[in-house]
Amino acid sequence: MFCFFHFGFRILQHFNVSPEEYTVIFTSGCTAAIKLVAESFPWIPTSNDGPGSLFCYLTDNHTSVVGIRGLLSQLGVSVLPVNPKDVWYLEQDSQSMIKDEEDCRAPHLLCYPAQSNFSGTKYPLNYIHALQAQKLHPFNRTPGQWFTILDAASFVSCSHLDLRAYPADFVTISFYKIFGFPSGLGALLVHNDCGKILKKNYFGGGTAAAYLPKEDFFIPKPSLSDRFEDGTVSFLDIIALNHGFNSLEKLTGGMQNIQRHTFGLARYAYVILAALQHANGKPVVRIYSDTEFEDPSTQGAIINFNILDDNGNIIGYSQVDKLASLHNIHLRTGCFCNMGACQLHLGISNQGIKKNQQAGHICGDNIDIVDGQPTGSVRISFGYMSTFEDVQTFLKFIVEGRLKPRGTQRTVTSTTPGKMADEPARDAQSASSAKGSTSATPGSAAGRLSPNSGLVIVCIVSSHSPNMCISGQLSVYEWTCFYPALLKQEPQLCQIIPHINLRESTLTLRAPGYDVLGDEVFQSKVCGDRVKAQDCGDEVASWLSLFLGRQCRLLKQCRDFARSAWKTRQSASQPAHLSLANEAQYLLINRASVLHLQHEISKRNECTPGQTPSMEQLIARFRANFVIQGVEPFEEDKWTDVKIGETSFQVVGQCTRCQMICIDQSSGTKNQELLQSLSSCRDGKKTGKIQYTKYLDSPSYLHEVLCSGTIIDKICQPCCYNLVFKLKVYIYYH
């Protein structure tokens, strides 16, 4: 008890108050603290006997605040969202309090953020005094007793909160936003004069002074914190807080220094970003802010923005995030659990939000552009550990990514279907041979094609032969390693070459510097789904663990387990089946489209000769199953169905490319250029995605072996499906 009292005292000391003024109630975070007040506040429902309680909140508030209305709708309590621009001070006492309502004591609650987590705007702490004095519009119109929840989670990360000067009734905080640790620990600071109004029905372990299990008898503990801290608190994390406060003071000299430091970084970044222009004079970024970053008392260390191309179109936040990750820059994207501020700054109407949801967009996903309009934005924020070098790294990323010279523009013409004018002659004679796989396209067949022939040559990129079995027999997609992680965390996985022997039902693995390993396989496990699987044995597990440098095992999908592809096109008569692949069973790529990308890379690399990958290297980067030849660049975007031999495939969407294409498939090394060039030539103004290659599914499992050189039929429909999905390759470690 003494130990926790000491830590509570240290927290209150940080906010310039004492235990005689405030009580600290530890919670799992700021959200839990807000929920605690909502469930314990003495709400009075509206009735015929008179007006009840009113809950007000600024529209620029976190989801956790807006969520209180879900509780109040069941209680019959009125809710009033208020636009921040509609709040102002009154010079005189409110005149709306008529005489017969002077005795009204209905409790009301206002919740507002000390700092917007969306834009960094700081709202006046004087609202607290004005509300209590009935001098704050529009709340002065409602007679009764007003209380305040101050959401200080974002504010206290870089600013000093003096609760003695601004005595809010309830203050919610999260400690990881101050120190970066510990996550999952927050607190509700309760003014002792207001603690007695909180009423709690549930009582958990440690909150009872006495109770009877067979009789309705319960006496709560006298301490406010003891009454509201159900069960065992995170005492190890609470102990760490004392070290956090001491280290913060020792390293920085206090919150005033942190505020000056972080605001200086934010202002520097703001000034540079606001001044950046494309060659045609159009701005590079659109900043969403209520201030000009002139005063740290009105603006926090947060910059919210979207990046624009040279035509003024917004580049989707998902695309920006992917490119930033290549530079080891971590960004927050989306609406940041603050839909009100997101709507206000991005100009999204209520109907627009509903329309985006109907289009498939939900909070936290990567659908960043719907009908050409953004669904969210990009946010950068600074803390006490941020440096000037960090800001320069970020600005360099923006400048080089959007303003990098692309060299002299060249006109690329198509001389033969699937071939650009300056494509090397060797590319017309053979297809990609990547990672030990064999794929060949007869040159004579390609030479006979014409743009209007309607025929396309397909080459199969397979791990065992130039043929691909579609009959449901062994496929390399049926194996996975055990323990979840992305290929981006283990790029050397691309150096492992699988070889499937259909006759012997064996899988053989090869890797540079390691002996060939073969092992009979029976079952597997698909990432993301709970499926039946069986271990493939210790020998292959040891081999993989030795190569990757960490423990892992190989599993195979059960044959009696049927997994349906949830991205099957809606018009399909039956769902397509999926093995290990995440989005679709097969991936198709067009050589002409790859060649177009190669030219884009060449233009960007004119100053650094020899940096442009060959066609074989580029095709290998995309890890496609089918490589087609004989059509114009990006003609495959219009296809809805593909028929190879007697096997029909549905085009279920475009593959949204991520940083995986930056991995060299022969060495496992990363290079940023490919994704940046792809972003440049496939900006995705309508979808906001870096889309390249097509997803295919085959619901009809015909027993057929497809061969390289097969002529295929494609079907183009005016209303094609433009579904946006993201392809990932997973590995599971044990």
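Which residues point one way from β13, and which the other way? Let me state at the outset that this is a predicted model. In it, Ile-302, Asn-304, Asn-306 and Leu-308 point one way from the strand, while Ile-303, Phe-305 and Ile-307 point the other way. In a regular strand, side chains alternate between the two faces of the sheet. Both sets of residues in β13 are buried. Because seven of the seven residues of β13, residues 302-308, are buried, the strand is largely enclosed by the rest of the structure.

I turn to the partners of this strand. Strand β12, residues 285-287, pairs with β13 in the antiparallel sense over three bridges. There, Arg-286 has Asn-306 of β13 as its bridge partner. Strand β18, residues 377-381, also runs antiparallel to β13, and four bridges join the two. In that pairing, Ile-302 has Ser-381 of β18 as its bridge partner. A further antiparallel pairing, over two bridges, is with strand β14, residues 314-315. Here Ile-307 stands opposite Ile-315. The hairpin of β13 and β14 has five residues between the strands, and within this hairpin Gly-312 takes a positive phi near 90 degrees.

Next, a sheet elsewhere in the chain. Seven strands form an open sheet with mixed pairing, in the order β1-β9-β8-β7-β5-β2-β3. Why is one side of β1 and of β3 left without a neighbour in the sheet? Strands β1 (22-27) and β3 (78-82) stand at the edges, and each has a single partner strand, so one side of each remains without a neighbour there. From one strand to the next, the twist averages 20 degrees. Within it, Thr-23 has Val-190 of β9 as its bridge partner.

Trp-43 lies in the loop between α2 (30-40) and β2 (54-58), whereas Phe-55 belongs to β2, so the pair ties together parts that are twelve residues apart in sequence. In a separate arrangement involving a ring, the charged end of Lys-200 sits over Phe-228, 5.9 Å from the ring centre.

I now come to the annotated position. According to an unreviewed UniProt entry, the annotation "modified residue: N6-(pyridoxal phosphate)lysine" covers Lys-177. This lysine is placed in helix α6, residues 176-179. Lys-177 counts as partly exposed because its relative accessibility is 32%, a value between the 20% and 50% cut-offs. Not counting residues up to four places away in sequence, Lys-177 touches Ala-153 and Ser-157.

Two further residues deserve a description of their surroundings. Gln-259 lies in helix α9, residues 255-275, and is buried with a relative accessible area of 16%. Leaving aside its neighbours within four places in sequence, Gln-259 is in contact with Lys-122, Cys-158, Ser-159, His-160 and Pro-296.

Asp-664 lies in the loop between β33 (647-656) and α18 (673-681). Its relative accessible area is 18%, and Asp-664 is therefore buried. With neighbours within four places in sequence left aside, Asp-664 is in contact with Cys-494, Arg-621 and Thr-669. Of these, Cys-494 is 170 residues from Asp-664 in sequence, yet the two are 8.2 Å apart in space, C-alpha to C-alpha.

Finally, I consider helix α15, residues 538-548. Which of its residues are buried? They are Val-540, Ala-541, Trp-543, Leu-544, Ser-545, Phe-547 and Leu-548. An α-helix has 3.6 residues a turn, so residues three or four places apart point the same way. Gly-549 follows α15, with a positive phi near 80 degrees.

Notes: Residues are numbered from 1 along each chain as its sequence is written. This is a predicted model: local features need pLDDT of at least 70, side-chain atom pairs count only at pLDDT 80 or more; totals for chains, interfaces and linings use all residues. Side-chain values use heavy atoms; hydrogens and water are left out. UniProt positions are given in the numbering used here, feature names are shortened, and annotations may be inferred rather than shown by experiment. Buried means under 20% relative accessible area, exposed over 50%, partly exposed in between (1.4 Å probe, protein chains only). Contact means heavy atoms within 4.5 Å. Two strands pair if DSSP finds at least two bridges between them. Axes are lines fitted to C-alpha atoms, for helices over the stretch in contact, and angles run from 0 to 180 degrees between N-to-C directions. A charge sits over a ring if NZ of Lys or CZ of Arg is within 6 Å of the ring centre and within 35 degrees of the ring normal.
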